[in-house]
Amino acid sequence: MGIILNLHELPRRSGEYKDYTLDFILTEPIGVAMIAVQIGRSLDISLTATSVDEGVLIRGQILALAEGQCSRCLDPVREDIDQSFDELFEYESKAAKLSKDDVDTDEILMVKDDCIDIETPVRDAIVLALEVNPLCSLDCLGLCPGCGERYENLPADHDHQAIDPRWSALSDLAKKLDGKG
Ligand SMILES: [Zn+2]
Ligand SMILES: [Zn+2]
C-alpha cells in the first residue's frame with residue numbers, strides 16, 4: 001500500500017522541524033483478525049518531522065475508527081484509535097554505510113528521494129492499539145455452541161442433549177431397525 005510523505009519542504013539542518021497532516025484512505029485493512037480499520041476508512045495522521053544528523057525523526061499521532069466483531073458473540077464492535085508513534089527514518093547514505101558494516105538494512109526505514117513511507121510504523125501502532133479479542137461488552141456471555149443462539153436470549157436452564165453426530169447416524173439406523181422388528 002505505502003503511506004508516502006514528501007519531506008522536500010523540511011530543511012535538512014539538524015533541529016529544524018515541520019508539522020504535517022495526512023488524511024489517508026485505506027486500500028487494504030490494517031488491524032488484527034477480529035477487528036481492523038477497514039478498506040475505504042481514513043486514517044487521520046498528524047505528525048512532526050524533525051531533522052537530525054542521521055535522518056528524519058517522525059513523531060506521529062493516528063486517529064481512526066476500527067470495526068470488527070465481538071470475539072464471543074460476533075456482534076459488530078467499533079473502537080476509536082488514538083495512538084502515537086516515534087520513528088527514525090535514516091538518510092540513504094547513512095544506511096548504505098551500515099550495509100557496508102554488514103548490518104541488515106532491510107529493517108531500516110529510509111528517506112528516499114525526499115520521501116518516507118510511514119506505513120510500517122502506522123500499521124504497528126494500530127495493531128498495538130487494538131484488542132486481539134475484542135468484546136461488545138466486558139460481560140458478554142457469548143453464543144451457545146449447540147445452537148448458536150446468544151446465551152443472554154436463552155433461559156438459564158438452556159441445554160442440548162449432546163449427541164455426537166457420528167453416533168446420531170447410528171441411532172437413526174437403530175430406530176429404522178426397531179421399526180422393522
Ligand atoms: Zn459479544
Ligand atoms: Zn443452544
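Here are a few friendly questions and answers about this predicted model.

The structure is a predicted model, in which local features need pLDDT of at least 70, side-chain atom pairs count only at pLDDT 80 or more, and totals for chains, interfaces and linings use all residues. Residues are numbered from 1 along each chain as its sequence is written, and chains are lettered from A and ligands numbered from 1 in the order in which they are written.

Q: What makes up the count of helices and strands in the protein?
A: There are 3 helices and 9 strands, where helices (H or I, at least four residues) and strands (E, at least two) are DSSP runs, numbered from the N terminus. From that end, the order reads β-β-β-β-β-β-β-α-β-β-α-α.

Q: Why are S6 and S7 called paired strands?
A: Two strands pair if DSSP finds at least two bridges between them. S6 and S7 run antiparallel and are joined by 15 bridges, so they pair by that definition.

Q: What makes S7 and S8 a pair?
A: These strands run parallel with 2 bridges, and the definition asks for at least two, so they pair. Here glutamate 90 stands opposite methionine 110 in S8.

Q: Which residues of helix H2 are called buried?
A: In H2 (residues 119–129) they are Pro121, Val122, Ala125 and Ile126.

How values were computed:
Buried ≥ 20, exposed ≤ 12 C-beta atoms within 10 Å, placed from the backbone.
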